Amino acid sequence: MVKTKRFAYDILNTYLNACESKFKYAYENGCTTISGTRKVGKTILMRQLVSAFPERSVYKDCSTLGEDFDFEVYFEKLYNQGIRRVFLDEVCKIDSELIADFVSSVKYYSASMLIIITGSVKVSVIRLSNMIGRGLVLELPPITYTERLQWEGVQTSPEYFEQYLKTGTITVGMQDSETYWRKYVGAVVEDTLGSYLQRTTLEGYLTFPDTDKIMKALKYISLCQFVYKTKSGRLVDIPALPKKIKLSISNFKDLKVRYGLTNEEIVIVCDILVASGLARRITSINEEELSRISGGRLNTLHTVDSNVPALIFEYPWFASYAITSEPSDCDNLIDIWLENELMLKMTYLYRYVDKYRTADMEEIDIVYTIGDRLTSSLAGLECKNKSATNISGSNISSYLTIKDRLNLCDLVITSNDKTILHDEYKIVRNDLVALALEREYFSKCNALFNGHSSYVFCDKTVSELL
């Protein structure tokens, strides 16, 4: 990989070259779509792909198109000029009056040109891709740990991975402080929500929360990913956070009553988070199938505060969005970020990923299904940001009990220092788990665009990836 180029560059460049060499333009596959949240490098990726073959490529920012723009004339002109690769950015900002013309023109000219689209509002980009039909979609996650290592030319280490969890980078510099990245994520949130709300209609909602309630809901949701209920139905504190963190949150007790938010208002904000690309749903399998996979032992893995969908955030720091003190003052935040980051990576690979916790407080951080078949199996991953020798035997015994109860085919417990293999479970360094998940996603994307696979779901356990 060339330094500062995302992993998707090589995949897409190879795919586009293969299409041209075989005279197989996008007609068979529609247009190519690059999806993802803001600030992950989609625009830079497009410009780099244009630079690879500038005489045959063109980049167009669709956010500046006038109401009288004619896509048919535009594509015809490009074709006559010898352009065969058209990269269209911010397609989500095309005027609504032009959408029908845009879709029909892309459908027609994809027979003789390679058309690649992206934009800042994920749901709008995917909707346009679906309207065009066919087409391959590459989902671009935030810059991965693997890429950071490759760009710096260094080998992985627990220290580098902890730095990555804290700042999103592995080097120490002006922009690597925890304060900078907290502000960065806040800016991404506000920028994304602003763009989404301006360009998207929320039909079907009787009411819509004002900006103040949206921000309150964001804080509530960021803490409530894993709220659970006891046998009596009582809601446990949000979400059983360490006392030190609770004390750092202003008006923490107000969270128990959800800032006065209604179910509908919270669900609307959850929908916005997913649609804009800031978060991913982690419950994508129906309860009947999940029950069958677990042999009737499990109906639902995740009981969140009534009607609040389970979400996982694209940036791990968003999992502590409501916490106002400096992260360096709250060491336990690294545990939250670790679990969020590993679960996020798994949502790119596995069809079902979620937390398992009982009313008796027995839990495994992540339970996931393998593959995309009705015969899928369940496996588990427990995230620990501590030395392998400090993982207590009683905890391990509890995890093994859950493993037997849910009939898990694999159990991995992570640590921050070493790997130890046992017959019934494995203890593996956090950074090695992250690398294995990321590289498998790269491989699955490559196979998808090479025609060797029709989906990116992984049919291997974390142990097998390692």
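A residue is called buried when its relative accessible area is under 20%, exposed when it is over 50%, and partly exposed in between, with a 1.4 Å probe and protein chains only. By that definition K345 is buried, because its relative accessible area is 8%. The structure is a predicted model, in which local features need pLDDT of at least 70 and side-chain atom pairs count only at pLDDT 80 or more, while totals for chains, interfaces and linings use all residues. Residues are numbered from 1 along each chain as its sequence is written, and side-chain values use heavy atoms, with hydrogens and water left out.

## Salt bridges

A salt bridge is taken as a side-chain nitrogen of Lys or Arg within 4 Å of a carboxyl oxygen of Asp or Glu. In general terms, side chains of opposite charge can pair when their charged atoms come close. The count by this rule is 11 salt bridges. Three of these pairs are set out below.

| Pair | N to O distance |
|---|---|
| E147 and R6 | 2.8 Å |
| E314 and R280 | 3.9 Å |
| K345 and E438 | 2.5 Å |

Helices (H or I, at least four residues) and strands (E, at least two) are DSSP runs, numbered from the N terminus.

The salt bridge between E147 and R6 has its closest N and O atoms 2.8 Å apart. E147 belongs to helix α6 (residues 145-152) and R6 to the segment before α1 (7-21), so this pair ties together parts that are 141 residues apart in sequence. Both E147 and R6 are buried.

E314 and R280 meet through their side chains in a salt bridge of 3.9 Å, N to O. This pair links distant parts of the chain, with E314 in the loop between β7 (311-313) and α14 (333-347) and R280 in strand β6 (residues 279-281), 34 residues apart. E314 counts as buried because its relative accessibility is 2%; R280 is likewise buried, with a relative accessible area of 11%.

In the pair formed by K345 and E438, the side chains meet at 2.5 Å, N to O. Here too distant parts of the chain are linked: K345 lies in helix α14 and E438 in helix α16 (residues 430-449), 93 residues apart. E438 has 4% relative accessibility and therefore counts as buried. Through salt bridges that share partners, K122, E139, R280 and E314 are joined into one network.

## Surface charge

A patch of negative charge on the surface is formed by E67, D68, D70, E72, E76 and E97. Patches consist of residues with over 30% relative accessible area and no salt bridge, like charges being joined within 9 Å and nonpolar side chains (Val, Leu, Ile, Met, Phe, Trp, Tyr) within 5 Å. E97 counts as exposed because its relative accessibility is 69%.

## Cysteines

A disulfide is defined as a pair of cysteine sulfur atoms within 2.5 Å, and a search of the whole structure finds 0 disulfides. C62 is in no disulfide, and the nearest cysteine sulfur, that of C92, is 9.2 Å away. C62 is buried, with a relative accessible area of 1%. C19 counts as buried as well, at 4% relative accessibility.

## Backbone and loop positions

E90 has a positive phi of about 55 degrees although it is not a glycine. This residue is placed in the loop between β3 and α4, and its relative accessible area of 13% is the reason why E90 is described as buried. N407, also a residue other than glycine, has a positive phi near 60 degrees. N407 lies in the loop between α15 (393-406) and β11 (411-415), and at 49% relative accessibility N407 counts as partly exposed.

## Contacts along the chain

V86 is located in strand β3 and counts as buried, at 0% relative accessibility. The C-alpha atoms of V86 and I117 are separated by 8.4 Å, the two residues being 31 residues apart along the chain. T419 is found in the loop between β11 and β12 (420-421) and counts as partly exposed, at 37% relative accessibility. Between the C-alpha atoms of T419 and S387, which are 32 residues apart along the chain, the separation is 9.9 Å.

Methods: Areas by Shrake-Rupley, 256 points an atom, 1.4 Å probe, with all protein chains shown as cover. Lys, Arg positive; Asp, Glu negative; His and termini not counted. Charge placed at Lys NZ, Arg CZ, Asp CG, Glu CD.
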